[in-house]
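Biologist: Please show the model, and let us then examine the terms applied to it one by one. For each label I shall ask on what grounds it is given.

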Amino acid sequence: MTRPRQAHRRPLAHRDREVPRSEMRPDPRHDPRQELTRQDPGRDRAGASAGRRWEKPAPSLTSSRGLDAFTFFVANLQTGFGPFVAVYFTSQSWTQADIGLVLTIGGLFSLFGQVPGGAYVDWVTSKRFVAALSVAVIGLSAAGLALFPTFLIVALSMAAHSIASCTLTPAIAAISLGLVGHAGLGERLGRNARFSSIGNALAAAGMGACGYYLSSEAVFYVTAALALPTLAALWFVRASEIDVVRPQAPGGTEAPGGWASLKLLLTNRALLCFAACITLFFVANAAMLPLVGSVLTVRTSQTATILIAACIMAPQMVMALIAPAVGRAAQAYGRRPLLVIGFAALPIRGLLFAYTDAPELLVAVQVFDGISAAVLGVMVPLIVADCTRGTGRFNMALGSVGTAMGLGAAASTTLSGYMADHFGSHAAFLGLSAVAFVALVLVVAIMPETRRAREP
């Protein structure tokens with residue numbers, strides 16, 4: 001029989017009690033990530049990899065310094081395949097037609113191999129393996145140029161170097177993103193740009209001395225030997241700290257592959273706008289320094305070489321100084337303001353070149369090139385990472401933007417050469433400045449801000 005409930009119950013006296021200190025302490029067994037998973041079931045469906053990216057810890061000092069050294073030595077390695085190639089082939093009594101042909105072979109592989117190279121880096125799980133393989137191929141290519149300067153071996157070496165470069169650049173970007181995550185990518189790219197510029201400057205001076213005091217082929221022996229410290233630096237980057245960015249749609253589902261992934265890139269408005277702006281930028285930028293070299297050679301033939309070397313060194317020094325600050329500012333204030341500054345420096349530089357007569361002042365004008373180089377060295381991979389976030393197509397998109405940059409640079413030399421021959425160097429600088437101004441207007445008009453309002 002059920003006992004009847006009392007109509008009136010005596011209320012219990014309310015007693016405030018002091019909470020013991022043990023109850024105020026958080027339970028060490030409590031995991032905040034489990035609470036977030038219960039609040040957002042989609043996070044669990046996104047997989048463990050997405051959770052790690054959301055709470056990406058800072059990399060160890062060993063991995064951070066290892067990546068610094070790796071970018072430094074990679075810049076050393078790539079400098080050997082710069083202007084020294086033409087000097088070496090000339091010393092081997094090659095004709096200008098043969099030199100131009102092998103350089104064209106390397107340029108074509110470099111231009112059209114960037115998208116497949118980026119897609120390959122996206123596909124391979126171990127980014128360190130791709131980077132190590134690329135460095136080894138570049139070292140062997142340099143050794144082949146020095147040991148067997150025949151047309152067939154040289155053509156194969158130039159093609160191999162170009163293909164390896166198409167995978168090495170996105171591999172460095174992927175390692176950087178995997179180490180620090182999206183939240184710290186700007187500062188990390190700034191550090192990469194700093195050590196790369198220092199490496200370029202020191203390698204150009206050192207290899208120039210080797211070519212002058214030893215022989216032209218000594219440059220390529222040094223380049224091949226530099227592959228060893230480059231691989232040693234990569235070994236210090238711990239693979240366990242590189243978070244793999246897997247193909248994944250924003251909703252946690254698997255991202256499309258094949259043609260569907262290409263369609264995803266081709267319909268990304270921010271990425272298309274950025275590719276258009278950067279193409280125009282390189283149409284205006286690529287030919288400016290060669291045009292300055294021609295002007296210096298005509299005006300001061302005796303000191304032209306020294307002044308051109310100074311024109312190359314000045315932007316590298318500026319880039320080394322300000323690149324990390326650019327990366328930090330991109331995280332704090334957004335990408336678009338810095339992009340406007342980088343694009344604005346180019347038309348100013350072109351106008352100053354057009355109206356500057358003193359050869360020494362031309363070197364000072366190159367400071368603006370350092371500003372643009374520092375901004376774009378950080379912004380290009382950073383904006384591409386923003387546009388492809390969650391899709392797993394970062395390196396493929398980076399290769400697409402690189403191809404657009406290469407096409408713009410190829411058009412730049414043709415355009416400037418035509419204007420210089422028919423209208424003079426003054427008109428050529430003004431024409432390039434006009435193209436740069438159009439690129440700046442395009443950035444202001446159509447380029448959206450790609451940084452997320454709240455970085456995870």
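**Labels and their grounds**

Modeller: The structure holds five salt bridges. It is a predicted model, in which local features need pLDDT of at least 70, side-chain atom pairs count only at pLDDT 80 or more, and totals for chains, interfaces and linings use all residues. Residues are numbered from 1 along each chain as its sequence is written, and side-chain values use heavy atoms, with hydrogens and water left out.

Biologist: Why is the pair Arg238 and Glu241 called a salt bridge?

Modeller: The term requires a side-chain nitrogen of Lys or Arg within 4 Å of a carboxyl oxygen of Asp or Glu. The closest N and O atoms of Arg238 and Glu241 are 3.5 Å apart, so the pair meets the definition.

Biologist: What makes Arg238 partly exposed, and what makes Glu241 buried?

Modeller: Buried means under 20% relative accessible area, exposed means over 50%, and partly exposed lies in between (1.4 Å probe, protein chains only). Arg238 has 40% relative accessibility and therefore counts as partly exposed. Glu241 has 15%, so it counts as buried.

Biologist: Why is the pair Arg335 and Asp386 said to tie together separate parts of the chain?

Modeller: These two side chains meet in a salt bridge at 2.6 Å, N to O. Arg335 lies in helix 18 (residues 335–354) and Asp386 in helix 20 (residues 367–387), so the pair ties together parts that are 51 residues apart in sequence. Helices here are DSSP runs (H or I, at least four residues), and strands are runs of E with at least two; both are numbered from the N terminus. Arg335 is buried because its relative accessible area is 1%, and Asp386 is buried because its value is 13%.

Biologist: How do you know that Arg349 and Asp369 form a salt bridge?

Modeller: Their closest N and O atoms are 3.5 Å apart. The pair links distant parts of the chain, with Arg349 in helix 18 and Asp369 in helix 20, 20 residues apart. Both Arg349 and Asp369 are buried; for Arg349 the relative accessible area is 2%.

Biologist: Which residues does Arg349 touch, not counting those up to four places away in sequence?

Modeller: A contact means heavy atoms within 4.5 Å. On that basis Arg349 touches Asn285, Met288, Leu289, Val365, Gln366, Phe368 and Asp369.

Biologist: Why is helix 15 called largely enclosed?

Modeller: Twelve of its 17 residues are buried, so helix 15 is largely enclosed by the rest of the structure. Among the buried residues are Leu271, Phe274, Ile278 and Asn285.

Biologist: How do you know that the span of helix 15 is close to the expected one?

Modeller: The expected span is 1.5 Å times one less than the number of residues. Helix 15 (residues 269–285) reaches 24 Å from its first C-alpha to its last, close to the 24 Å expected.

Biologist: What makes Tyr120, Trp123, Phe129 and Leu133 a nonpolar patch?

Modeller: Patches are made of residues with over 30% relative accessible area and no salt bridge; like charges are joined within 9 Å, and nonpolar side chains (Val, Leu, Ile, Met, Phe, Trp, Tyr) within 5 Å. Together the four residues have about 470 Å² of accessible area, a quantity from the Shrake-Rupley method with a 1.4 Å probe, where for residues only the protein chains shown count as cover. Helix 8 (114–123) and helix 9 (127–147) are the elements that give two or more residues to the patch. Phe129, found in helix 9, counts as partly exposed because its relative accessibility is 47%.
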